[in-house]
Amino acid sequence: DETDETDPDVPVETEPKWGSDFALGRVPRSMRYSWVSMAMEQVAQGGCIAVVVIGAQLGHKMTERNAILAVIIGNLILAVICIAVGMIGCREGMTTAMIARWTGFGVTGTAILSVAIAGSLVGWFGIQAEIAGEGLEVILPLKMPWLWTIANGAVLTIVAAFGFRYIVGVAWVTGPAFFIVVIWACVTSIQDPPLTKEVNDAELSLLQGTGIVVGGYIVGSIVVSDVFRFSRSKRAVVSQVMLPRTLSIVAYMIVGVIVARACGSEDVINIMNKSVGIGAVVIVVAGEMVINCTNLYFSGLAIVAFFDTCGCHIPRPLVTIACGIIGSAAGAMGILKRFINFLEVLAVAFPPVAGIMCCEYFVVKAFRVNFDETRPSGEMPKSAPAFLPLSIVSWLSATLLGHFLEGMPYLYSLFG
């Protein structure tokens, strides 16, 4: 495998400071994780309460057939993006924000992209913290959802600040726990109501439903290099995307579809609470811990890269804590009310980023030599283009194309 042959074997001592997690450098082979550990982290990312919520919303607003098709088609689109971007991250051992400097965006464009990525993921962090807060408010005695949202956000912020190693450690616990309790809740909730119960009005078309699925994970797919830079080979990236990641997300979304149609409601938390009682606490907490830690972790890496373009070097843990505070506050103030609109915007704004990066890296290769010359030594390229205006114009044009054209906006913006 090309990655295994060329990955730099940089000593562990080259890690600059505690908690930096190679935010501005390459991950050496000695610091990469086994297939099983990476797979468990991907399963735990898929095992997220927000994924079940998306499935429930589709099941409540679409026909059963179209909802399941939207889940499958949307996740196949995401898988293709994840594999392409993840292979770049694995080969180069670098974060998305750093790779973008030599894959079409330049230093200035990467600064803009870093802010966009961080803002989107902090928004996602707030949404999932709010989902957890509202769920805990329903289940536990203290009826103060904003307080539960902030408390949940604080715990996740601490884990994310410690770095990827701790996120993987949490995944080994929360992934299996979420799977067991969700299956238990699903079986219990559908025993009494008939599965043939129909939703009166199909509010969403197949294309709209697919767009919501794509929007739900598109930012995470664009920044997947932040995770797969810790993978050991490109073959491992392909198998980790297709098996643990995609299968788990599809399975949990379909669970949401089934439960919503069986119970005639998209209120997953209440359904789960009635089905498994205190087990619903496990669903709420375990079901968003890893993915939300990852959202915050990605945000921190993006902001570190942004400040690096300005000549400032800020410790990643401090940046992560600041992002956690902002996201928790946004969740406590009710960002969830804009959930669907938020996903629709993400579904057209971020696919062009993957298109630009992959075209430059695999086809145009104008700056590929910068990677090739420095990869064997484990160093970062010495210089990067300052500003590439055509890439920014392409990004904006493709986003507008996806926004205004009817049909499949996420594909129009990706290939645009």
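I began with the secondary structure of this predicted model, and I counted 19 helices and zero strands in the protein.

Next I looked up the overall dimensions: the C-alpha atoms fill a box of roughly 65 × 45 × 40 Å along the principal axes, and the radius of gyration of 21 Å agrees with the value near 22 Å that a compact globule of 416 residues would have. I noted that 59% of the 416 residues count as buried, and that, of the contacts with a separation of 6 or more, 86% join residues 24 or more positions apart.

I then turned to charge, finding 25 positive and 30 negative side chains, the centres of the two sets lying 3 Å apart. My search of the whole structure for salt bridges returned eight.

I followed Asp 372, which is partly exposed at 34% relative accessibility. Its partner Arg 368, with the closest N and O atoms 3.6 Å apart, counts as buried because its relative accessibility is 15%, under the 20% cut-off.

Last, I checked the salt bridge between Lys 382 and Glu 379, at 3.7 Å between the closest N and O atoms; Lys 382 is exposed at 72%, whereas Glu 379 is partly exposed at 39%.

Conventions. Residues numbered from 1 in each chain as written. Predicted model: local features only at pLDDT ≥ 70, side-chain atom pairs only at ≥ 80, totals over all residues. Heavy atoms only, no water. Helix = DSSP H or I, 4+ residues; strand = E, 2+ residues; numbered from the N terminus. Rg over C-alpha atoms; globule rule 2.2 N^0.38 Å. Buried < 20%, exposed > 50% of the residue type's maximum accessible area, 1.4 Å probe, protein only. Contact = heavy atoms within 4.5 Å. Lys, Arg positive; Asp, Glu negative; His and termini not counted. Charge placed at Lys NZ, Arg CZ, Asp CG, Glu CD. Salt bridge = Lys/Arg side-chain N within 4 Å of Asp/Glu carboxyl O.
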